[in-house]
Amino acid sequence: MPPIRILTAVPICDGHDSAINTINLELVRQGIEVIYLGYNRSAKDIVRAAIQEDVVAVGLSSYNGGHVEFFGQVVDRLESARLQPGVSVFGGGGGTITHEDAAIMYKRGVNRIFFAGTPLENIAEYVQSEFSKVPQTGYHRDSIEPDSALARELTLIENGMELPLAGAAGKSPTVIGFTGPGGAGKTTLIDELVLRFLRSQPVKRRVAILSHDPSIISSGALLGDRATMIYSQSDRVFMRSMATRGTPGGLSSSTERALQTLIRSGLFEFILVETVGTGQESVPFGIQKSLADRVVLVLPPDYGGRLQLQKIAMLDVADIIAVNKSDLQGVRTAFAEIEARIRGNKKKQTLILTQANKHRDLGVDQLCNLLFIES
Ligand code: B12
């Protein structure tokens, strides 16, 4: 049985994320793949993410007092998307959600509310028993959401089904791979690049993100890159989170087919693929970079010294090396050491400094030009 995939989030004007963080971890431990969207999220953003991720259910953690209306809005929006089967909505909010409120919420279509004091195992049991048998085989044929069929196709691919490649092979989008160790800032960098894409390209143009996170031993996964994304919450962005499901090296065994499907959909100008945090010997897009047109290695300045650099295989393969977090100490040394390391490769490789957590960073602008304009 493929793992159950659900989306969790905290509503708009609500920063109480401690409960959902605890619940997410318990669900992951029980083998569930949890896509976490983060806190302060609108009903529109939640439903867009649920459709793109093709989840069976949405779990909301609400403490701001607006739960009756907010849960209802999420249910209504999901119903209007006409997905088959529909996506269930459940959640909790400790003592802020009374039994009377819950009764109204059930009438509006909410599947289940968990009250204060519920043991976490009960929540995990509910998710397992309620959603493990939801069939995800059809193509959302009646859905009015253009992304829903593509999202379902990606689910079928991930679950190991052999599908004919649909869609015409028209103008191919540029596939850009992003890799590097965990904590280098890959997700924030991608989000900043998306912001520049949305601002500089005509409004009809869209971008896709295929983002990977590791599965843990019991087969669950916390797919949390969406929670870091600010600008990628846009109808012009199709984002899909994939768990590695046991495949080592940074990507999933389904990545290649998922990429072919995104390419042939004809919907995107660029496809940005983010690997999990990788180790020294990883070359996730292949030595010949068969999986991406361009590959960006994102490194933090504190990689541990010149000797460590010799061991990073991606330094021989990447087209662009972005030393991110360029506000940190030691960045000048890092730049000089990496420059010396790649000089011997005698390849056309570009080395730049970026600070993705800063607005209008010139290094990110430069990276954006290299990838979106000069590509
Ligand atoms: C911790 C906490 C905080 C922390 C939040 C830390 C964080 N990052 O989450 C801090 C101190 C920062 C904080 C701040 C504020 N808080 Co506060 N906070 C709480 C507190 C004490 C606990 C909430 C909690 O995390 N519980 C732990 C969870 C695990 O247990 P639980 O709530 O019982 O939930 C169970 C089930 O409901 C279920 N569940 C919960 N969510 C979900 C989701 C899913 C998907 C599922 C399946 C189940 C589920 O699982 C749990 C298992 O038993 C509550 C009071 C309380 N006792 O509930 C107030 C409370 C929620 N806060 C409150 C307020 C007012 C605020 C502030 C506005 C205060 C202020 N004036 O600044 C700010 C706003 C913060 C913001 N940005 O939104 C009020 C809300 C009142 C309301 N809505 O009418 C409360 C109720 C306190 C009160 N009695 O006044 N808060």
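**Opening question**

Which residue has a side-chain N or O atom 2.7 Å from a nitrogen atom of the ligand? In this predicted model, the residue is serine 61.

**The shell around the ligand**

The ligand is surrounded by 26 residues. Gly15, His16, Asp17, Tyr63 and Thr118 are the closest of these. By type, the shell consists of 14 polar, 10 nonpolar and 2 charged residues.

The side chain of serine 61 places an N or O atom 2.7 Å from a ligand nitrogen. Glycine 94 contributes a backbone N or O atom, which lies 2.8 Å from an oxygen atom of the ligand. For threonine 118, a polar backbone atom is found 2.7 Å from a ligand oxygen. Two or more residues of the shell come from each of H1, strand E3 (57–61) and strand E4 (88–92). The greatest contribution is that of H1, which gives 4 residues.

**The six-stranded sheet**

Strands E3 and E4 also belong to an open sheet of 6 strands, arranged in the order E5-E4-E3-E1-E2-E8. The pairing in this sheet is parallel. At its edges are strand E5 (112–114) and strand E8 (221–223), each of which pairs on one side only. On average, neighbouring strands are turned by 25° against each other, with direction ignored. In general, the strands of a sheet pair through backbone hydrogen bonds, in either a parallel or an antiparallel manner.

Within this sheet, E1 and E3 are joined in the parallel sense over 4 bridges. Alanine 9 is opposite leucine 60 of E3. Helix H2 (residues 43–53) lies across E1, E3 and strand E2 (33–36), and the helix runs at about 165° to E1.

**The seven-stranded sheet**

A further open sheet is formed by 7 strands in the order E9-E7-E10-E6-E11-E12-E13, again with parallel pairing. The edge strands here are strand E9 (237–243) and strand E13 (350–353), and each of them pairs on one side only.

How many bridges join strand E11 to strand E12? These parallel strands, at residues 294–299 and 320–323, are joined by 4 bridges. Leucine 299 is positioned opposite valine 323 in E12. Helix H12 (residues 331–343) packs on this sheet, where the helix touches E11, E12 and E13. The direction of H12 makes an angle of about 175° with that of E13.

Conventions
Residues are numbered from 1 along each chain as its sequence is written. This is a predicted model: local features need pLDDT of at least 70, side-chain atom pairs count only at pLDDT 80 or more; totals for chains, interfaces and linings use all residues. Side-chain values use heavy atoms; hydrogens and water are left out. A residue is near a molecule or strand if one of its heavy atoms lies within 4 Å of it. A polar contact is a pair of N or O atoms within 3.5 Å; within protein, one must be able to donate a hydrogen and the other to accept it, and residues adjacent in sequence count only if both atoms are side-chain atoms. Ala, Val, Leu, Ile, Met, Phe, Trp, Tyr, Cys and Pro count as nonpolar, Asp, Glu, Lys and Arg as charged, and the others, Gly among them, as polar. Two strands pair if DSSP finds at least two bridges between them. Axes are lines fitted to C-alpha atoms, for helices over the stretch in contact, and angles run from 0 to 180 degrees between N-to-C directions. Contact means heavy atoms within 4.5 Å.
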